[in-house]
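I opened the notebook to record what I looked up in this structure. The entries follow the order in which I checked things.

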Amino acid sequence: LKRVSFPGRARNFLLEMAAAGATPPPTLSKEKAKEALDLALAKLEMPDNKAKLQAIVTECKQIEDPMARQMAMMQKMLPEVNSMLLEELKAFGVDQSSLMPCMMQIQMHAMSDPEMQPKVQRVMQFLQGKFDA
C-alpha cells in the first residue's frame with residue numbers, strides 16, 4: 001500500500017473514523033479513482049437506475065413545503081444513489097462505511113484532473129435529482 005497524506009478536513013474525518021472503530025477507506029490512486037468514477041457514472045446513467053431516481057424526484061415534487069421537499073429528496077435520493085455506487089465500488093474494497101471517504105478521494109483527485117471534473121459534477125447532479133442534463 002502506498003502512504004497518502006490528506007489535507008485538513010479529510011484527515012480529520014479519517015482520524016474520527018479510526019477513533020470510532022470504522023474501517024478505513026481504501027486508498028485510491030488517481031488511475032483507480034478514474035476507473036471507479038467511470039464505473040459509478042455508468043451505473044447512474046443506466047436507464048433503469050435513472051427511472052428509479054426520477055420516481056423519487058416525482059414523489060418528492062408532490063410535497064408543497066420547499067423545506068420538507070428538499071429534506072425528503074435527500075432522505076430518499078442519497079441512500080438510493082449510495083446503494084447504486086456501492087455496487088460498483090465494492091471491487092475497489094469499498095464498503096458502506098468507506099463509501100463517502102472514497103468519494104472524497106475521487107473528488108480530491110478530480111481537482112487536478114480536468115477530465116474527471118465534469119464526471120464528478122455529473123455524480124453530484126444525480127445526488128441533487130438533476131440527471132436530465
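Predicted model: local features only at pLDDT ≥ 70, side-chain atom pairs only at ≥ 80, totals over all residues.

Entry 1, Lys43. I looked up Lys43 and found it in helix 2; helices (H or I, at least four residues) and strands (E, at least two) are DSSP runs, numbered from the N terminus. Is Lys43 buried or exposed? Lys43 counts as buried because its relative accessibility is 12%. Buried means under 20% relative accessible area, exposed over 50%, and partly exposed in between, with a 1.4 Å probe and protein chains only. I then listed the contacts of Lys43, leaving aside neighbours within four places in sequence: Asn49, Met84, Glu87 and Glu88. Contact means heavy atoms within 4.5 Å.

Residues are numbered from 1 along each chain as its sequence is written, and side-chain values use heavy atoms, with hydrogens and water left out.

I counted 6 helices and 0 strands in the protein chain. From the N terminus on, the elements run α-α-α-α-α-α. The protein chain has 133 residues, and buried residues make up 35% of them. I also looked at contacts between residues at least 6 apart in sequence, and 67% of these join residues at least 24 apart.

Helix 2 covers residues 30-45, which is 16 residues. From its first C-alpha to its last it reaches 22 Å, close to the 22 Å expected at 1.5 Å a residue; the expected span is 1.5 Å times one less than the number of residues. Which residues of helix 2 are buried? They are Ala33, Ala36, Leu37, Ala40, Leu41, Lys43 and Leu44. They lie on the same side of helix 2 because they cover an arc of only 155° around the axis. The arc is that of the directions from the helix axis to the C-beta atoms. The buried residues of helix 2 pack against helix 3 (47-61), helix 4 (66-89), helix 5 (99-110) and helix 6 (117-127).

Leu37 lies in helix 2 and is buried, with a relative accessible area of 2%. Leaving aside neighbours within four places in sequence, I found Leu37 in contact with Ile106, Met116, Lys119, Val120 and Val123. Leu37 and Met116 are 79 residues apart along the chain, and their C-alpha atoms are separated by 7.9 Å.

Axes are lines fitted to C-alpha atoms, for helices over the stretch in contact, and angles run from 0 to 180 degrees between N-to-C directions. Angles under 35 degrees count as roughly parallel, over 145 as roughly antiparallel, 65 to 115 as roughly perpendicular and the rest as oblique. On the helix 2 side I listed Ala36, Leu39, Ala40, Lys43 and Leu44, which meet Val81, Met84, Leu85, Glu87, Glu88 and Leu89 in helix 4.

Helix 3 has 15 residues and spans 21 Å from first C-alpha to last, close to the 21 Å expected at 1.5 Å a residue. In helix 3, I found Asn49, Leu53, Ile56, Val57 and Cys60 buried. Their arc around the axis is only 95°, which puts them on the same side of helix 3. On the other side, Pro47, Asp48 and Lys61 are exposed. The buried residues of helix 3 pack against helix 2, helix 4 and helix 6.

How do their axes cross, and at what angle? The axes come within 9 Å and cross at roughly 165°. That makes helix 3 roughly antiparallel to helix 4. Among the residues that meet are Leu53 and Ile56 in helix 3, and Met73 and Met77 in helix 4.

I found Asn82 in helix 4, buried at a relative accessible area of 13%. Not counting residues up to four places away in sequence, Asn82 touches Leu99 and Met100.
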